[in-house]
Amino acid sequence: MKSLAAIVIFLVISVLGSRLTFLNRRLSLGFRNILFTGTEYIIIGVLLGSMGFNILDTDALKKMEPFLIIGLCWIGFLFGLQFKLRDLKKFPVYYFTISAFQAVSTFLLVAVFMFFLLRPQGIRGAVLMMVVITLGSSSCCTAQSALAIVAQNYRLKNRRLLDLMRYISGIDGFYALVFFAVAMSIFPRGEIAEFNLYASIRWLLISVIMGIIPALIFIALSRTRFSRQEFFVFIVGTVIFCAGLAFQVHFSPLISGLVCGVFTANFCRHRLRALSEILHSEKSIYIILLLLLGAGWNFKPGYILVVTGIYIAVRILGKFIGAYLGTKMFKPGFPVPATIGLGLMSDGGHAIAIIMNFKLFFPDIADPLISIVILSVFFNELVSPWFILSRFDKNERVLINIRRGLKEKREQA
Amino acid sequence: MLRRFLTLLLILSSMALLVYADPFGIPAAISPTLVLGFMLLAAYCTGFLLEPLGLPRITGYIFAGLLLGPYFLKFYSQDAVADLSFLNSLALAFIAFCAGGELKLANLRKKLKSIIFLICGVTSAVFVGVTLIVFLLSGFIPFMSDYNGVMRFAISAIFGIIAVARSPSSAIAVISETKAKGEYTDIVLSVTIAMDVVIIIFFAFVMSACEILTASGSAISGGFILNILLEVTIAFVLGFLLGKVIIFLIEKIKIEFPVVITAMGFLIIKFSHFLGEYLQANLEIHINLEPLLICMAAGFTVQNFSRHGATFLQRMDDVSYPIYIAFFAITGASINIDVLKSAWFLGLVIVISRIMMIFVGSYVSGRLSGDQPRIYKNTWLGFITQAGVSLGLLAEVVRRFPEIGIPIQTILITAITLNQVVGPIAFKVALFKVGEAKNGKK
């Protein structure tokens, strides 16, 4: 009965939530920062999980595992579909370089600091490497929620700066997923064993092929005439097949979905159609991930709070240094503040997907990592909009007064 | 065509590589997620490839499920198929909503005479005919020959009642595939769906009568009849309320997600089973709510008591395709070849006698109700398929008569399997014959 309750709860919250949340409501900015970015679902998940009312116990969560696998692959596929090389080439080169600089520097700094912080905790060798690379990869991606909140509520004169920040936050998840793929390849069988470099490289290559096969199937299917319903079958079938293939060989459904998406984006002429179909369910799937994350969270305060504090601080430092160096070396043709990296603090989305994926294969060692990422998400979602706004001069930003705007519109009409 | 064939080859070879070659050295069983994805894609391609032969796509899906499954290519085991059985509940709920939604009062009123005649005529012809044929043959059926005449008759009646059941899911799938519209389509669909309600009530009566005849149960009493009526009434009331909830969701919250509705149906199924078991165990109240009836009543409510009927069906139709593919592929994968081998002859006898009785019943009722000859000469072709409901009723037979249930189940599963293969083809042929199919190849 509990698994039934789990399904009901997940369903109702995710569907109603996808309608209510993610910027669809207009509250004062303070509320909006934390309430309608999606982070509230982590709290709901916590209340439902073992730390709360225990409605969603371990068994119920285990039964949700297939949804999690498919959901992760769905997210990877959706993200990958946006990487059409021909379209990406239209952007200036410095967009890529600044993005790469801030992602790599954040990854390196966080990974190095975490290495020295977690080592005294008894984590050693390849396990430590996997953990620090995973944390590094989750730290280097930027969520778009805070940028979207700011853009929705302020008319900003320096649009190009906002576009640059949006671009960076849109693309740096790719670097994060590449780093995460490396982390997952350390123990290719999904269980902790002796590290073997050859096996890891072989695994990575085969895993890429595992992502390409479903993409090839999708491309082949969509090359003949088909109805709308048939196209829906192609997408659903491809994603489930890709997720199943990945999980079967103990590889990340998230990465497989990404590879499948990138391949599809570049070789399928129905990319945009697929993108629009798959976007319909994005919010619901994201909410399910947040609920699962919250419900499965097993927080034990102590040393982990110190590690989290340092993680957040180093992440900010990494973003700041990387973006600063990037903008200095590859100068954009418009005014960019030296502290642009501070506008890229928003956390969530891919970081959560990465950590959920990690938990799928290594549940025994995932708890501290989940705590770090959840606390970091809370902190960053709260302060990000303010940090973003601070990158713009005061006279460059105008708070949009919705009522006045509507009144003006009516008068004009 | 060639591209679909090559795609199917690609799907099969990648799966074969994983299952047979095992390049990763992982001995684990194939995960249900992978089986589902594989089934969806492979069954779709098979259905598409068999279409030029004039076969309905659902026959292709069933065939793919069977061919790729535990008895032939062994891409997945019986356990993996069993793990996916929850999808059957999901799909059945979805199909029940669609079936209820397809029943439009206005159309029913127009054809009420034909529908009532067909329901009465076909039900009585099939039930009486199959019961008598099995009873006459019972001396040659190994597990029946040892019993006395009364017992044999009771067992024959069980064969008869299961033979009456139809498959709304197959009918809807074939109609959806051929985009058929017209008088014939309306009559066949309305009768098939209405029969689902009738069969549940009729089944309950026959089973209780059999319990008395086999002296293993209680006697027929006013209380028993009242109980059945109560179950049906509660199911209709709950269905009506559920329909109102769906209307509210569509109207007020603007949620038209079929996935929500399907999940609601899934929950109704689970809740009905849970409630029945709970009442029996704790309060000794014997009430078995029929969940499919609830879902059908809900779909019927949305269609006939709101202005969202068309939107509801459209939204359901948008996502119906993967659900149908998965449902029929899983059905195909669940076919037990060992059972088929052991009881094919008796199964075939039942199939032939059932088809004959369906023909007689529908022909006579059609003529009596004044239908056009092109309709009453072809309605029997639309009533052959059997699927989920029949299997569900069979499970109930096994539960109530553990001793004789298993051999009955073996023979009837064979018959249902044969009907599943023949039925959709016959219905598609009929739709083209009467000129109401608009899509696909004859």
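Reader: How far apart do the C-alpha centres of domain 1 of chain B and domain 2 of chain B lie?

Author: In this predicted model, the C-alpha centres of domain 1 of chain B and domain 2 of chain B are 28 Å apart. Domain 1 of chain B covers 2–83, and domain 2 of chain B covers 87–433.

Reader: What makes residues of domain 1 and domain 2 of chain B count as a contact, and how many does each domain give?

Author: Two residues are in contact if their C-beta atoms, placed from the backbone, lie within 7 Å; by that cut-off, the contact takes 19 residues from domain 1 of chain B and 22 residues from domain 2 of chain B. On the side of domain 1 of chain B that touches domain 2 of chain B, the elements giving two or more residues are α2 (32–50) and α3 (57–68) of chain B, and α3(B) gives the most, with 9 residues.

Reader: Which kinds of residue make up the side of domain 1 of chain B that touches domain 2 of chain B?

Author: That side of domain 1 of chain B divides into 15 nonpolar, 3 polar and 1 charged residues.

Reader: Which elements of chain B give two or more residues to the side that touches chain A?

Author: The contact between the chains takes 34 residues from chain B and 32 residues from chain A. On the side of chain B, two or more residues come from each of α1 (2–21), α2, α12 (258–283) and α14 (309–333) of chain B, with the largest share, 9 residues, coming from α2(B). The residues of this side of chain B divide into 25 nonpolar, 5 polar and 4 charged.

Conventions:
Residues numbered from 1 in each chain as written. Chains lettered and ligands numbered in written order. Predicted model: local features only at pLDDT ≥ 70, side-chain atom pairs only at ≥ 80, totals over all residues. Domains from an automatic or database assignment. Helix = DSSP H or I, 4+ residues; strand = E, 2+ residues; numbered from the N terminus. Nonpolar A, V, L, I, M, F, W, Y, C, P; charged D, E, K, R; others polar.
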